[in-house]
Amino acid sequence: GGMAAAVLLLLQLLLLAAGPGPGRADAGQELRDALREELLLSPLPTGDVAATFQFRTRWDADLQRGAVSHYRLFPKALGRLVAALGVRELHLALTQGFWRTRYWGQPPLQAPAGAELWVWFQPTVTDVDKAWKELSNILSGIFCASLNFIDSTNTVIPTASFKPLGLANGTDHHLLRYAVLPREVVCTENLTPWKKLLPCGSKAGLAVLLKAERLFHSSYHSQAVHIRPICRDASCLVMSWELRQTLTVVFDFFSSGQGKKDWSLFKMFSRTLTDTCPLASQSKVYVDISPKNKEKELLEVSPPPTSVHEAVVQGEKKTYAVYDLLSPSFFNTSRSLNVQLKWKRPQESSEMPIPTLHAQRYVAGYGLQTGQICTLIYNSHPYRAFPVILLETVPWYLRLYVHTLTIITKGKENKPSYIHYQPAQDRRRPHLLEMLIQLPANSVTKITIQFERALLKWTEYPPDPNHGFYVGSSVLSALVPSVTAMKDTDVEQSPLFTSLFPSSDGSSYFVRLYTEPLLVNLPTPDFSMPYNVICLTCTVVAVCYGSFYNLLTRTFHMEEPSRGGLAKQLANVIRKFRGVPPL
């Protein structure tokens, strides 16, 4: 009996020393860090399928004081970066392709083509520009991207856009920096370090599906990292840190060669879910099975979901089939999960829903001297008007004429209620134009501004100057009126794709949209002429100089006449027999 009591006491001591296991906590002790992962599968109106991965790591620690030395789930590279450079919020997105809002609807989180980085710094940072430059260089090394090309020529300080998404004591816009590299190409060398930041990597959980060969064989691919401070509890007296890694990919059924609108996890990713991440406290798969029209729903999923979740997302009531991978009996019945989406009948008969807010942008004009940037903003709400903040960033080599700025809505001039313009400086900073524009109900607003193309120095042209120069996307930020009233829900209990942009009230939801990037041609010299000049010059020099050098350095020798060779002697013998004088 004494031996058994001693063994029991020893086991209790070991359990107390070990503490709570991964993803668990005692009743009286709160989680120090926790990981939630989810996958959202959304059939799009065009027949494509969008897959959105979200991995959220919450850490109840104070990174700013620099006293943290042990990292478990939160990546140490990003944690030390936040602590060393005084980062308040960090948002980085690497995107290949363009999200077609008009045909695909509102995305859970949109990003512009290329690389986008915007950061809020702490008020204690004295030299924000130095910290911004150092931060972009470090992130360039972590994610193997060309973020080191971010400098003063493509960095702006917005005054109205890009407000903090997390806790913020103040909104001093001098602590904000925003930059876009629209020419950045995203590939596997950017995806690999992104996956290494996950607690389970790509070995277990939902990250098993992240196969680079399939992800980049798609119409749209966007991966992002978001770091922000959040409230630890409802009282919001203590702060926690949240790292959210998101990846959105759109699969085109035409490019896949299937010719059908039936999808499955294996068809999309060439893999299925076989096990869960042991460090995750929540792992779920959501499938949007909302009716696409007023008739009966057209989409059915298999195997049967664990539960059904209803929520109001972006102003519309949605229904989701939920697969809880941490359910005890989930992987006992089958060794793998292969969610299948089947259409009961073709969907071509239904009309495509038009999003409430969408926009497009293009370059007008002809020639290589002047041009015009046109932006069209659509408000398709039948009876509600709402304001929108437009952010335009234009490189310095497109010289804007601000007096030509026109805003036309329904044939009338629409004066912005707020406008902020910062002119560019050649080779130092770009143009920055921010406007608050009121969009009437069921209207199209056209914004035009003329520009003049500058002539660059010949050393400032890229290796392919005739390809053109990219202009970053316009950014639209708005509180869009909701069709369905939204209820306040607990952020910790709601799905991740609904909690990044919290709703201020139940009547509207926040939307940030990006237009297409522009490709503008500049006056370009004929870079083949130096090659022609070099070839011609080298030829002339070689011929002329070679001839003169040959004449000046050649030595002439006088040769005495010889008796001749064998042929001459033979000819003289023949001439002697004929009686002819010899040669």
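Mentor: The largest cavity holds about 180 Å³ of space. A cavity is a set of points on a 1 Å grid over the protein atoms alone where a 1.4 Å probe fits but cannot get out, and its volume is the space filled by probe spheres set on points joined across faces, edges and corners. The model is predicted, with local features needing pLDDT of at least 70 and side-chain atom pairs 80 or more, while totals for chains, interfaces and linings use all residues. Residues are numbered from 1 along each chain as its sequence is written, and side-chain values use heavy atoms, without hydrogens and water.

Two or more lining residues come from each of strand 2, strand 3 (87-96), strand 4 (114-121), strand 7, strand 8 and strand 25 (508-514). Strands are DSSP runs of E, at least two residues long, and helices are runs of H or I, at least four long, both numbered from the N terminus. By class, nine residues of this lining are nonpolar, eight are polar and two are charged. Here Ala, Val, Leu, Ile, Met, Phe, Trp, Tyr, Cys and Pro are nonpolar, Asp, Glu, Lys and Arg are charged, and the others, Gly among them, are polar. Domain 1 (34-343) and domain 2 (357-487 + 500-520) each contribute at least three residues to the lining of the largest cavity; these bounds come from an automatic or database domain assignment.

Strand 8 (residues 239-251), one of the strands that line the largest cavity, deserves attention of its own. Twelve of the 13 residues of strand 8 are buried, so the rest of the structure largely encloses this strand. Buried means under 20% relative accessible area, exposed over 50%, and partly exposed in between (1.4 Å probe, protein chains only). Strand 8 pairs with strand 2 (residues 49-59) in the antiparallel sense over eleven bridges; two strands pair if DSSP finds at least two bridges between them. In this pairing, Ala50 has Val250 of strand 8 as its bridge partner. Strand 7 also pairs with strand 8 in the antiparallel sense, over twelve bridges, and Gln223 faces Leu247 in strand 8.

Ser219 counts as partly exposed because its relative accessibility is 29%. Although Ser219 and Val249 are 30 residues apart in sequence, their C-alpha atoms are 7.5 Å apart in space. Beyond its neighbours within four places in sequence, Ser219 is in contact (heavy atoms within 4.5 Å) with Gln96, Gly97, Trp104, Val250 and Asp252.

The count of cavities of 30 Å³ or more comes to three. The second largest cavity has a volume of about 70 Å³. Ile373, Thr375, Glu392, Val394, Leu400, Leu405, Leu433, Ile447 and Ile449 line the second largest cavity. Strand 16 (370-379), strand 17, strand 18 (398-409) and strand 22 (443-453) each give at least two residues to that lining. The lining of the second largest cavity has seven nonpolar residues, one polar and one charged.

There is also open space to consider. The second largest pocket contains about 890 Å³ of space; a pocket is an open set of points with protein on both sides within 12 Å along at least five of seven lines. Of the 27 residues that line the second largest pocket, Thr153, Asn154, Leu181, Pro182 and Tyr397 lie nearest its centre. Strand 6 (176-181), strand 17 (386-394) and strand 23 (469-471) each supply at least two lining residues, and strand 6 gives the largest share, four residues. The lining of the second largest pocket comprises 15 nonpolar, seven polar and five charged residues. Both domain 1 and domain 2 give residues to the lining of the second largest pocket, so this pocket lies between them.

How values were computed: On a 1 Å grid over the protein atoms alone, a cavity is a set of points where a 1.4 Å probe fits but cannot get out, and a pocket is an open set with protein on both sides within 12 Å along at least five of seven lines; lining residues have an atom within 4 Å of a point.
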